[in-house]
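Welcome, and please open the model in your viewer. This tour tells you what to select at each stop and what you will find there.

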Number of protein chains: 2
Amino acid sequence: MNNSRNTDLLKKFGANLKRLRESKGLSQEELCFKSGLSKNQIGNIERGEVNTTISTLAAIGLALELPASDLLKFDI
Amino acid sequence: MNNSRNTDLLKKFGANLKRLRESKGLSQEELCFKSGLSKNQIGNIERGEVNTTISTLAAIGLALELPASDLLKFDI
């Protein structure tokens, strides 16, 4: 996958995560607390600056009480 | 997410990927060719030895002609 396409993917993932987090009424701090991730990590992920791994994805899904697959339900 | 749970997650992801790849009638070599990943990467992922990233997940989904979210549809 070329670089610009990859950057686009990560930005879309981050925007989708933010949408899901807000739909659950959670702040970034609350998601950090529930997922065990740092505030920096959540912020970087939502800005599309991090190529998140499966285990981080699973931790976020659990924290949002959503199937991890939902985090990838956007137009890739 | 603690280590043993993480290892379990990655093994389940790998087994699910292998199941999906075989359901598409693709060998590891064919998946490598279609996804642009190396044979080593595919083998390591299917054995649960790699914490795959979102961009790799998206490349595999495209190669399997499946939504990337399907790659995470297993009992996490």
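Predicted model: local features only at pLDDT ≥ 70, side-chain atom pairs only at ≥ 80, totals over all residues.

**Stop 1**

Colour chain A and chain B separately and look at how the copies are related. Chain A is superposed on chain B by a rotation of 180° with 0.0 Å of shift along the axis, and the RMSD is 0.0 Å. This is the relation of a two-fold axis. Now select the interface residues of chain A. Of these, 100% are also interface residues in chain B, so the two copies meet through the same surface.

**Stop 2: the annotated domain in chain A**

Next, select residues 17-71 of chain A. UniProt lists this stretch as "domain: HTH cro/C1-type", in an unreviewed entry. Show it as a cartoon: residues 17-71 of chain A are 62% helix and 0% strand.

**Stop 3: α2 against α4 in chain A**

Stay in chain A and select helix α2, residues 28-35, together with helix α4, residues 54-64. How far apart are the axes of these two helices, and at what angle do they pack? The axes are 9 Å apart and the angle is about 110°. Angles of 65 to 115 degrees count as roughly perpendicular, and α2(A) and α4(A) are therefore roughly perpendicular to each other.

From α2(A), the contact uses L31(A), K34(A) and S35(A); from α4(A), A59(A), A63(A) and L64(A) take part. Sorted by class, the residues in this contact of α2(A) with α4(A) are four nonpolar, one polar and one charged.

**Stop 4: along α4 in chain A**

Now step off the end of the helix. Just after α4(A) comes E65(A), in the segment that follows α4 of chain A. Check the backbone here: phi of E65(A) is near 55°, a positive value in a residue other than glycine. Is E65(A) buried or exposed? With a relative accessibility of 59%, E65(A) counts as exposed.

**Stop 5: E46 in chain A**

Select E46(A), which sits in helix α3, residues 39-46 of chain A. The relative accessibility of E46(A) is 10%, so this residue counts as buried. Which residues does E46(A) touch, leaving out those up to four places away in sequence? They are G14(A), A15(A), L17(A), K18(A), R21(A) and Q28(A).

**Stop 6: over to chain B**

Switch to chain B and select α2(B) with helix α4, residues 54-64. Their axes come within 9 Å and cross at roughly 110°. That makes α2(B) roughly perpendicular to α4(B). Here the side chains to display are L31(B), K34(B) and S35(B) on α2(B), with A59(B), A63(B) and L64(B) on α4(B).

While you are on α2 of chain B, residues 28-35, click on E29(B). This residue counts as partly exposed, at 43% relative accessibility. Draw a distance from its C-alpha to that of S4(B): E29(B) and S4(B) are 25 residues apart in sequence and 30 Å apart in space.

Then go to E65(B), in the segment after α4 of chain B. Phi of E65(B) is near 55°, again a positive value in a residue other than glycine, and E65(B) counts as exposed at 59% relative accessibility.

**Stop 7: I76 in chain B**

Finish at I76(B), in the segment after α4 of chain B. I76(B) is partly exposed, with a relative accessible area of 31%. Draw one more C-alpha distance, to N6(B): I76(B) and N6(B) are 70 residues apart along the chain but separated by 9.8 Å. To end, show what surrounds this side of the model. Leaving aside neighbours within four places in sequence, I76(B) is in contact with A58(A) and A68(A) of chain A, and with L9(B) and K12(B) of chain B.

How values were computed. Residues numbered from 1 in each chain as written. Chains lettered and ligands numbered in written order. Heavy atoms only, no water. Axes fitted to C-alpha atoms, helices over the stretch in contact; angles between N-to-C directions. Helix = DSSP H or I, 4+ residues; strand = E, 2+ residues; numbered from the N terminus. Parallel < 35°, antiparallel > 145°, perpendicular 65-115°, else oblique. Contact = heavy atoms within 4.5 Å. Nonpolar A, V, L, I, M, F, W, Y, C, P; charged D, E, K, R; others polar. Least-squares fit on C-alpha atoms with pLDDT ≥ 70 in both. UniProt positions renumbered as here; feature names shortened; annotations may be inferred. Buried < 20%, exposed > 50% of the residue type's maximum accessible area, 1.4 Å probe, protein only.
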